Amino acid sequence: MIDNVAQEYWLKSVLYTPQWWLLIFMLLIPFFVLWKLIDRNRLQEVLLYVSLMSLISIILDWIGLQMILWAYPYQLFPATHPLLNPFNLSFLPITYSLVYQYFYRWKQFLIALIISSFIASFVLEPLFTKVGIYVLINWKYYYSFPIYIGIGIGMKYFVDRVGLVK
């Protein structure tokens, strides 16, 4: 159960702040975009990619939080663990799943993945840092770039091998 101090802090310092609203949008808008853009013929395959991407994001984020590499000062709900943030649950997985869906040939996929990873690492992470929802402690933005690429490649390889792809 959440303690009163944490709940009081969340109510007075987090709820309805611009950062909190940004987290709401980062959670909801990607799902709306996915719902509109998902290829219904590849539904299982793309949803598998989204799910695995979320799982890997949560695991790697947990490792980073445990190693005190970064922190998340803002949470959507007072009792929410920092791992259950919109970046791990919707924004990153859905963005990468759309790259997977639209760029299914390896060469196209790699180009789109590199561009997406660059944007995530060198545009979005600094933006999230600037607005205060992501705090770097012992981490550099350029560390994220090859990790994002590696995750995307690994997930595509795995999902393609599962046999859902024709």
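Colleague: Which elements do the buried residues of α3 pack against?

Modeller: This is a predicted model, and in it α3 has a series of buried residues, including Val46, Tyr49, Met53, Asp61 and Leu65. A residue counts as buried when its relative accessible area is under 20%. The elements against which the buried residues of α3 pack are α2, β1 (70-71), α4, α5 and α6.

Colleague: What span is expected for α3 at 1.5 Å a residue?

Modeller: The helix α3 has 24 residues, and from its first C-alpha to its last it reaches 34 Å. That reach is close to the expected span, which is 34 Å.

Colleague: How confident is the predictor in this chain, and which element has the highest mean pLDDT?

Modeller: The chain averages a pLDDT of 91, and 94% of the residues score at least 70. Where pLDDT is low, the predicted coordinates should not be read in detail. Among the elements of the chain, the lowest mean pLDDT, 85, belongs to α1, while the highest, 97, belongs to α5.

Colleague: Which element gives the most to the lining of the largest pocket?

Modeller: About 420 Å³ of space lies in the largest pocket. Of the 26 residues that line this pocket, the closest to its centre are Asp61, Trp70, Tyr72, Glu125 and Tyr148. The elements that give two or more residues to the lining are α2, α3, α4, α5 and α6. The one that gives the most, with five residues, is α3.

Colleague: Where does Ile68 lie, and what is its phi?

Modeller: Most residues other than glycine have a negative phi, and most peptide bonds are trans. Ile68, which follows α3, lies in the loop between α3 and β1 and is partly exposed, with a relative accessible area of 48%. The phi of Ile68 is positive, near 55°.

Colleague: Why does Tyr16 count as exposed?

Modeller: Tyr16 lies in the loop between α1 and α2, and its phi, near 70°, is a positive value in a residue other than glycine. A residue is exposed when its relative accessible area is over 50%. Tyr16 counts as exposed because its relative accessibility is 55%.

Colleague: How far apart in space are Gln7 and Pro78, C-alpha to C-alpha?

Modeller: Gln7 has its place in helix α1 (residues 4-14) and is partly exposed, with a relative accessible area of 32%. In sequence, Gln7 and Pro78 are 71 residues apart. In space, from C-alpha to C-alpha, they are separated by 5.7 Å.

Colleague: Which residues is Phe122 in contact with, leaving aside its neighbours within four places in sequence?

Modeller: Phe122 is found in helix α5, and at 31% relative accessibility Phe122 counts as partly exposed. Leaving aside its neighbours within four places in sequence, the residues in contact with Phe122 are Tyr141, Tyr142 and Phe145.

Colleague: Which residues is Ile56 in contact with, when neighbours within four places in sequence are left aside?

Modeller: Ile56 lies in helix α3 and is partly exposed, with a relative accessible area of 25%. Once its neighbours within four places in sequence are left aside, Ile56 is in contact with Ile151 and Met155.

Definitions and conventions
Residues numbered from 1 in each chain as written. Predicted model: local features only at pLDDT ≥ 70, side-chain atom pairs only at ≥ 80, totals over all residues. Heavy atoms only, no water. Helix = DSSP H or I, 4+ residues; strand = E, 2+ residues; numbered from the N terminus. Buried < 20%, exposed > 50% of the residue type's maximum accessible area, 1.4 Å probe, protein only. pLDDT = per-residue confidence, 0-100. Expected span 1.5 Å × (residues − 1). Contact = heavy atoms within 4.5 Å. 1 Å grid on protein atoms, 1.4 Å probe; cavity = no way out; pocket = protein on both sides within 12 Å on 5 of 7 lines; lining within 4 Å. Points joined across faces, edges and corners; volume = space filled by probe spheres on them.
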